[in-house]
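Colleague: I'm new to this one. Can you walk me through it?

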Amino acid sequence: MAFISSFNNIAKYFHVRNDKPVIDDYIFQFHYKLTTNILLMFCVLLTSINLIGNPIQCMTNLSKKDDVRKVINTYCWISSTFTYNNNPDFHQSSNINEDKIKIRYHSYYQWVPFMLFFQAITFYVPHWIWKMWEGGKIRIITNDLRGLSMDSVQERLAKQNKLVQYFIESFHMHSTYALGYIFCEIINVINICANIYVTNKFIGEYFLTYGFEVFKYNENDQNHTDPMEEIFPRLTKCNFYKYGSSGTIQKMDALCILAQNVLNEKIYLFLWIWFFMLAIMSILALLYRIAIITQIIKKTSSFNNIFKLTNNTLMMSSLFRKCQIGDFLLLHLIEKNVNHFQFKEIMKEICANLNLENSYDLHLDFVPY
């Protein structure tokens with residue numbers, strides 16, 4: 001019985017609720033729902049591989065000794081490994097001047113899971129700020145109106161009238177509410193751009209062009225070095241130092257295989273595609289929001305024809321003259337939490353209370369947000 005009780009406690013977190021309030025749009029949800037879960041999934045995957053498998057295997061002259069091999073593997077993993085940029089030919093000359101060879105050190109691989117976890121947190125922070133700022137307003141005013149309902153017509157109208165009454169009584173009092181939402185949207189744009197910049201620095205300033213180089217190589221440039229192997233090398237070198245029999249320090253060259261980079265290269269290719277797609281969508285959504293705010297402030301009617309908010313231009317013009325930005329945002333969120341039939345009835349009551357003409361010709365897709 002205790003096992004069943006524990007299972008029920010865990011299962012309730014995976015229960016799909018159709019009455020959960022919606023307090024943002026799809027682009028906003030892409031940040032804190034989709035992106036956060038993707039990053040956490042990659043973090044758990046890499047952490048599991050590091051704990052269960054062997055992310056690095058190094059080979060030296062003393063590789064036959066298990067204790068020495070484990071020490072070298074641990075040392076090279078926690079310190080760093082390196083590769084040669086210009087791929088020198090070791091077969092032609094035994095005297096290679098390392099000062100003339102560009103060496104790239106790689107120490108990011110042990111920090112990848114931590115970096116992914118930190119990035120997941122940054123994508124959730126704007127949602128947390130908006131959730132605190134929103135204060136459960138949508139959850140309260142749309143209570144018993146979300147999801148499926150078996151109420152009678154009188155009960156449904158009574159609940160809708162409470163919502164309408166709240167909207168009329170708090171008319172023009174939602175400017176701070178809208179300001180918080182727009183502020184969090186700006187944070188989302190800044191956050192995705194900052195994550196692209198930080199990721200680019202994290203993997204050696206190759207992230208910005210990583211996807212382009214990979215696609216170019218796969219299409220028609222396979223005679224050159226694979227950019228995946230160049231940025232995420234699978235075979236690296238590591239210098240290990242130990243005391244010899246005479247007490248002098250001896251240098252040991254180790255050849256290391258970074259098996260984790262086979263997965264890292266795919267993860268960061270996916271993140272390159274998704275981060276840039278999300279950045280473009282977020283910037284366009286913010287520009288769209290600015291265009292809406294500009295039209296509402298100017299009280300212009302040209303916005304009606306562009307976005308086709310309603311079939312009645314006269315009614316829409318009257319609504320623009322009366323409503324403010326916060327009122328439109330609240331109506332937009334109400335529309336997301338009730339069905340179209342209920343929203344149409346709610347809008348009829350609101351328009352009637354605001355004395356708008358021809359309110360019964362209102363189109364369902366009302367709010368531009």
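Colleague: Which residues are exposed on the other side of helix 3?
Modeller: Asp67, Lys70 and Ile78 are exposed there, where exposed means over 50% relative accessible area and buried under 20%, with partly exposed in between (1.4 Å probe, protein chains only). This is a predicted model, where local features need pLDDT of at least 70, side-chain atom pairs count only at pLDDT 80 or more, and totals for chains, interfaces and linings use all residues. Residues are numbered from 1 along each chain as its sequence is written, and side-chain values use heavy atoms, with hydrogens and water left out.

Colleague: And which ones are buried in helix 3?
Modeller: Ile72, Asn73, Cys76 and Trp77. They lie on the same side of helix 3 because they cover an arc of only 125 degrees around the axis, taken from the directions from the helix axis to the C-beta atoms.

Colleague: What covers them?
Modeller: The cover includes helix 2 (26-52), strand 1 (56-59), strand 2 (81-84), strand 4 (235-243) and strand 5 (249-258). Contact here means heavy atoms within 4.5 Å. Helices (H or I, at least four residues) and strands (E, at least two) are DSSP runs, numbered from the N terminus.

Colleague: Other topic. How many cavities of 30 Å³ or more turn up?
Modeller: One, in a search of the whole structure. On a 1 Å grid over the protein atoms alone, a cavity is a set of points where a 1.4 Å probe fits but cannot get out; lining residues have an atom within 4 Å of a point.

Colleague: What volume does the largest cavity have?
Modeller: About 70 Å³, as the space filled by probe spheres set on the points.

Colleague: Which elements give two or more residues to its lining?
Modeller: Helix 2, helix 7 (175-202) and helix 10 (261-298). The lining residues include Phe28, His31, Glu185 and Leu286.

Technical notes. 1 Å grid on protein atoms, 1.4 Å probe; cavity = no way out; pocket = protein on both sides within 12 Å on 5 of 7 lines; lining within 4 Å.
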